[in-house]
Amino acid sequence: MDYIIAGLIGIFVTVGVYFLLSRSVIRMLLGITVFGNAVNLLIFTGGRLTRQVAPIVPEGAETIAGAANPLPQALVLTAIVIGFAMFIFLLVLAFRTYQSLDADNTDNMRLAEPEGGCRPPLSY
Amino acid sequence: MGPSLDVSVILVAIAPFLAAALAPAVHRFTGAFAGWFLAIVPAAIFLFLFGFLDEVAGGEPVRASIDWVPSYGIGLSFLIDGLSLTFALMISGVGTLIIVYSGAYLAGHPHQGRFLGFMLAFMGAMLGLVLADNMLALYAFWELTSVSSFLLIGFDHARQAARRAAIQALVVTNLGGLALLLGALMVQHLTGQWDLSGVRETGDLMRLSPFYAPVLVLFLLAAFSKSAQFPLHFWLPNAMEAPTPVSAFLHSATMVQAGVYLLARMTPILGETQAWMATLTVFGGVTLVWGGFSALKQIDLKQMLASTTIASLGLLVLLIGQGSEAAIAAMVVYFVAHAFYKAGLFLMVGVLDHGTGTRDLTALGGLMRKMPVSFVAAVLSGVSMVGLPLTVGYLAKEEMYLGLAHADPSSILVLLVVVAGNALLAAVGIAIAMRPFTGATVETPVPAHEGSFGLVLGPLVLGLLGIGVALATAWFGHDILEPAGTAILAEPVESHLTLALDLGSILFWLSLLTWALGAAVYYQLDALRALLRRADAVIGWTFDKGFDVLMFGLVRMAGAVTRFLHHGRLEVYLVVVFSFFAIALLAPWLTLGGLERLMPPSALGTWAAQWSWSDLTVYEWAVVAIAIIGLVALVIAQNRLVAILSLGVQGIAVAMLFLLFGAPDLSFTQFMVEILSVVVLTLVMTRLKLDERDHRPFEDALRDGTIAVLCGLGVTLLLSTILTGRLDNELSGVFLATSVPIAHGHNVVNVILVDYRGFDTLGEISVVMAAGIAILALIRGQRGAGRIPLPPARSERIKGMVR
């Protein structure tokens with residue numbers, strides 16, 4: 001079953017990269033979200049999949065056998081939260097950029113690097 | 001007897017740097033007397049070194065060394081033999097006079113302290129250069145002289161000409177510095193010695209090495225760039241932008257002689273081969289004649305002197321190239337003579353400039369009465385430059401002709417070149433010493449007046465030394481010439497200097513010919529200058545202009561490369577990044593046997609069994625299907641709302657996967673995040689007037705799609721291959737086993753987050769907080785600032801493109 005999930009992750013990556021290569025900032029944002037999900041699943045699957053048994057020790061027991069791998073879960077949990085924070089920040093940034101520059105297309109965002117670039121001075 | 005010899009010798013190279021650091025403070029406290037105070041340092045060094053004369057003349061070089069990088073066997077070693085002592089005495093002796101002179105020349109200048117500091121730092125570097133035995137130390141001091149020369153040429157940094165000259169000198173001499181470093185490393189590699197004295201003991205090792213030619217080229221490049229040999233000579237006349245004491249000290253008497261010193265140093269190691277002799281003789285000869293004629297073209301006294309310096313450097317290189325005992329002796333004597341008369345004349349020109357406000361040869365005349373001391377100084381140095389009897393210049397010329405007067409054709413050609421060069425130098429010497437002081441009085445921009453004591457002291461003393469040293473012929477021959485010549489040739493050299501005129505010798509008649517030619521050129525100076533200038537105008541191209549073309553070409557090329565790599569189109573950057581991502585995923589997988597691991601040939605038959613439908617339960621398949629549907633809907637979405645909802649669908653599917661595979665915490669968080677994302681995205685998107693659809697041209701979509709599919713394929717294959725391996729679960733096992741006994745928590749994931757990896761969670765919270773603050777700032781800023789003003793035309797264009 002791991003291989004099927006690996007294939008699914010491939011589809012996530014494909015869609016994420018395809019959106020990231022778009023010139024529209026909002027679409028790139030969607031791409032980041034999908035790509036982030038792909039990476040989270042990648043880490044999760046890399047720790048091997050185990051059905052249904054959560055790593056929660058029952059009341060009264062010292063330990064639990066046959067539970068899912070808890071380490072990737074802890075890593076992914078952190079990643080989800082940070083990913084969400086970044087998503088919201090980028091969204092607001094894109095929104096403000098649109099308001100300021102009237103542009104959603106990265107080709108038109110050339111305030112810092114004007115077309116043609118600046119020429120080096122030819123004197124001493 | 002005070003500090004040990006090692007320390008005191010090293011102090012010689014260090015003391016000027018210390019004095020340099022203190023110079024601005026000394027200037028602040030002593031004002032006009034700063035020059036006199038600071039001159040104590042070089043004077044003390046001079047006297048200290050003078051004490052070594054007897055010992056060195058006795059054939060015993062003085063050695064000093066301290067550890068530098070002991071792990072590589074590199075020591076900061078110094079060697080005082082005849083050659084380095086001659087140079088060091090000139091540097092500290094002339095340096096003393098120059099520092100005194102600088103104090104008077106720049107009196108009242110706001111940055112005089114800085115200037116004196118640069119001068120002293122240069123002196124330290126130069127002393128270090130000639131005293132160093134270790135090749136790396138030699139290189140370091142060599143570069144330090146370039147740097148201090150840069151600072152001094154660009155001292156008047158408000159003028160563009162000074163900045164250009166400073167950069168030009170730095171570029172050309174640093175090119176040579178790099179060559180020196182490479183050459184030194186090669187010599188070390190071939191001989192295993194860092195010390196030049198050690199390399200000298202290896203005899204013919206370098207000369208017979210297959211790498212002799214590259215090493216020779218590197219060292220010649222270093223020496224030629226520093227000593228302004230044709231065709232790398234063009235920076236020296238421009239360096240005259242520096243204040244006059246700098247021109248006198250760095251660009252005639254000492255720094256430009258570093259190349260000559262290097263060649264003399266390397267003579268026992270690289271010299272005496274056919275290539276060495278031919279190259280040095282040809283380049284030296286061309287430089288000599290070129291410099292002589294350039295000097296005739298000038299009317300600025302400093303430019304004339306600079307051109308004659310180029311000629312003299314050429315002469316010195318030529319003499320080293322000849323390499324006979326007499327030629328080397330002549331080189332040593334000529335180096336001393338040149339340092340005295342050239343520094344003296346430069347300082348005299350500075351006094352003239354100071355006293356009259358001009359350095360134009362044609363705008364000066366009849367100053368003999370108003371500036372008598374300068375006149376005396378000029379004549380004293382002038383006779384040495386012309387090489388009249390009783391001067392050290394005369395001794396140098398006689399020795400030179402003695403070394404070159406052989407009967408074979410090539411020697412006669414060299415002799416003719418040297419006679420012609422000496423005649424040109426003599427003519428320029430007469431012109432500089434006589435023209436401004438004789439003839440009719442000419443009005444000058446500043447009413448002509450004699451310089452102060454500090455100003456005239458230097459030129460006068462240098463002029464007198466040029467004669468005094470010659471009168472002490474026997475001492476000069478025994479204490480300076482013989483040890484220096486011996487150090488260069490690595491075999492005993494005998495002085496046969498004499499002031500006597502021998503009418504029966506060819507040498508006397510060669511001297512007479514030189515003087516006659518010089519006088520003739522002097523009388524035709526104006527006509528010759530006009531002729532040479534016309535010739536220049538016809539050619540219309542100089543090495544100096546070529547330098548500009550080269551430099552600006554470099555700048556343009558750098559600009560073009562930058563614009564090519566840094567074009568500012570995000571889309572192309574990302575295409576490059578993800579192309580390499582795909583390559584990085586697939587290339588190692590294909591080449592390092594990923595395919596065999598994933599699908600071993602033995603398992604090919606049972607291929608279908610490994611990928612059966614029943615691997616997943618029906619409801620698991622359903623979740624996978626939901627995820628795929630969400631993703632596909634996202635790609636083909638026709639409007640924003642569908643896109644946002646599709647994003648939500650794939651996110652929920654991920655959450656359900658987490659739930660199915662034993663991660664309820666993840667699932668819960670993912671649900672929350674996805675729902676919040678959809679809500680926030682909807683709120684924001686409705687306020688944006690964005691394109692409903694992806695307007696990528698078909699070929700772009702094809703390109704992006706290909707890259708995306710390759711990336712996805714790469715991730716799938718890599719992950720599948722990883723999954724065939726064994727997972728080391730030791731860490732997870734520890735967490736599972738110790739969660740309850742140690743941390744008293746039943747939810748192992750939570751225990752890991754808040755306990756085992758608590759700091760990690762703290763970092764995570766910090767990131768969330770930082771994002772929150774940044775978002776707040778972005779939204780707050782919106783109210784006050786409003787739109788960033790754009791140039792009207794651009795703003796219109798962008799609006800036009802968006803709508």
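Let's start with chain A, which has 3 helices and 0 strands. Reading from the N terminus, its elements simply go α-α-α. Keep in mind as you look around that this is a predicted model.

How spread out is chain A? Its radius of gyration comes to 22 Å, while the globule rule gives 14 Å for 124 residues, so chain A is more spread out than a compact globule. You can see this in the C-alpha trace too, which spans about 80 × 35 × 30 Å along the principal axes of chain A.

Even so, 54% of the 124 residues of chain A count as buried. As for contacts within chain A, take those with a separation of 6 or more: 53% of them are between residues 24 or more positions apart.

Now bring in the partner. Where the two chains meet, 88 residues of chain A are in contact with 98 residues of chain B. On the chain B side, helix 32 (residues 698-724) gives the most, with 14 residues. Sort that side of chain B by class and you get 62 nonpolar, 20 polar and 16 charged residues.

Finally, here's a detail in chain B that's worth a look. Strand 1 (residues 62-69) and strand 2 (residues 74-80) of chain B pair up in the antiparallel sense, over 7 bridges. To follow one of the pairings, find B:S65: its bridge partner in strand 2 of chain B is B:S77. These two strands of chain B form a hairpin with 4 residues between them, and in that hairpin B:G73 takes a positive phi near 70°.

Note on methods. Residues numbered from 1 in each chain as written. Chains lettered and ligands numbered in written order. Predicted model: local features only at pLDDT ≥ 70, side-chain atom pairs only at ≥ 80, totals over all residues. Rg over C-alpha atoms; globule rule 2.2 N^0.38 Å. Buried ≥ 20, exposed ≤ 12 C-beta atoms within 10 Å, placed from the backbone. Contact = placed C-beta atoms within 7 Å. Nonpolar A, V, L, I, M, F, W, Y, C, P; charged D, E, K, R; others polar. Pairing = 2+ DSSP bridges.
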